[in-house]
Amino acid sequence: MSKIHPDRKAGLVVFNDDVLIVGDGLSNPITITGDKLNKHDICLNQGIEAYQSHMAKPIADSSKQIIDKLSAIQEKGPTALGPALLASIGLASKGKAGSKVILCTDGLANIGLGRMDDEESES
């Protein structure tokens with residue numbers, strides 16, 4: 001993408017038991033954690049608000065940072081898929097028309113909004 005469409009922007013949102021809005025990888029990530037993972041407005045608005053600070057550069061200037069962040073991802077603990085998806089939608093909503101969210105996961109949404117495990121079976 002950095003060669004074919006160097007002016008496009010790409011951002012990264014990473015999740016396990018919390019959500020990290022990495023964006024273009026040039027700023028410190030924004031963390032969504034704890035009770036905030038259960039709050040729709042907070043997850044969505046964190047993504048929306050992160051656009052200005054975390055999506056400043058096009059892919060031509062940020063691809064190395066994004067690849068480095070992707071390479072450093074380590075699987076651990078629960079999966080906050082719902083909150084991460086909301087933050088990603090918020091981030092993409094501030095981009096150009098036709099912006100996309102691509103979701104990759106290795107787990108079941110089991111913490112925060114959209115959790116799919118059955119709380120009753122835990123008792």
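Contact here means heavy atoms within 4.5 Å of each other, and helices (H or I, at least four residues) and strands (E, at least two) are DSSP runs numbered from the N terminus. This is a predicted model, in which local features need pLDDT of at least 70, side-chain atom pairs count only at pLDDT 80 or more, and totals for chains, interfaces and linings use all residues. Residues are numbered from 1 along each chain as its sequence is written, and side-chain values use heavy atoms, with hydrogens and water left out.

**View 1. Helix 3 and what covers it.**
Let us start with helix 3, residues 81-93. The buried residues of helix 3 are covered by elements that include strand 1 (12-15), strand 2 (19-23), strand 3 (30-32) and helix 1 (40-54). Which residues of helix 3 are buried? They are L81, G82, P83, A84, L86, A87, S88, G90 and L91. Buried means under 20% relative accessible area, exposed means over 50%, and partly exposed lies in between (1.4 Å probe, protein chains only). The expected span of a helix is 1.5 Å times one less than its number of residues. For the 13 residues of helix 3 that gives 18 Å, and the end C-alpha atoms are 18 Å apart, which agrees.

**View 2. Helix 1 and its buried residues.**
Moving along to helix 1, its 15 residues should span 21 Å at 1.5 Å a residue, and its end C-alpha atoms are 20 Å apart, which agrees. C43, G47, A50, Y51 and H54 are the buried residues of this helix. Strand 2, strand 3 and helix 3 are among the elements that cover them.

**View 3. The largest nonpolar core.**
A nonpolar core is a set of buried Ala, Val, Leu, Ile, Met, Phe, Trp, Tyr and Cys residues joined through side-chain atoms within 4.5 Å. The largest one has 18 residues, of which V13, V19, I21, I32 and L91 touch the most other members. At least two residues of this core come from each of strand 1, strand 2, strand 3, helix 1 and helix 3. Which element gives the most? Helix 3 does, with five residues. For a closer look at I32, leave aside its neighbours within four places in sequence: I32 is then in contact with D18, V19, I21, L37, C43, Q46 and A87.

**View 4. T31 in strand 3.**
T31 lies in strand 3. Its relative accessibility is 39%, so T31 counts as partly exposed. Not counting residues up to four places away in sequence, T31 touches D18, V19 and L20.

**View 5. The largest pocket.**
On a 1 Å grid over the protein atoms alone, a cavity is a set of points where a 1.4 Å probe fits but cannot get out, while a pocket is an open set with protein on both sides within 12 Å along at least five of seven lines; lining residues have an atom within 4 Å of a point. Grid points are joined across faces, edges and corners, and a volume is the space filled by probe spheres set on the points. The largest pocket has a volume of about 1,400 Å³. Its lining has 42 residues, and G11, L12, K100, V101 and I102 are the closest to the pocket centre. Strand 1, helix 2 (59-71) and helix 3 each supply at least two lining residues. By class, the lining has 22 nonpolar, 12 polar and eight charged residues. Here Ala, Val, Leu, Ile, Met, Phe, Trp, Tyr, Cys and Pro count as nonpolar, Asp, Glu, Lys and Arg as charged, and the others, Gly among them, as polar.

D17 lies in the loop between strand 1 and strand 2 and is partly exposed, with a relative accessible area of 31%. Leaving out residues up to four places away in sequence, D17 touches L37, K76, P78 and I111.
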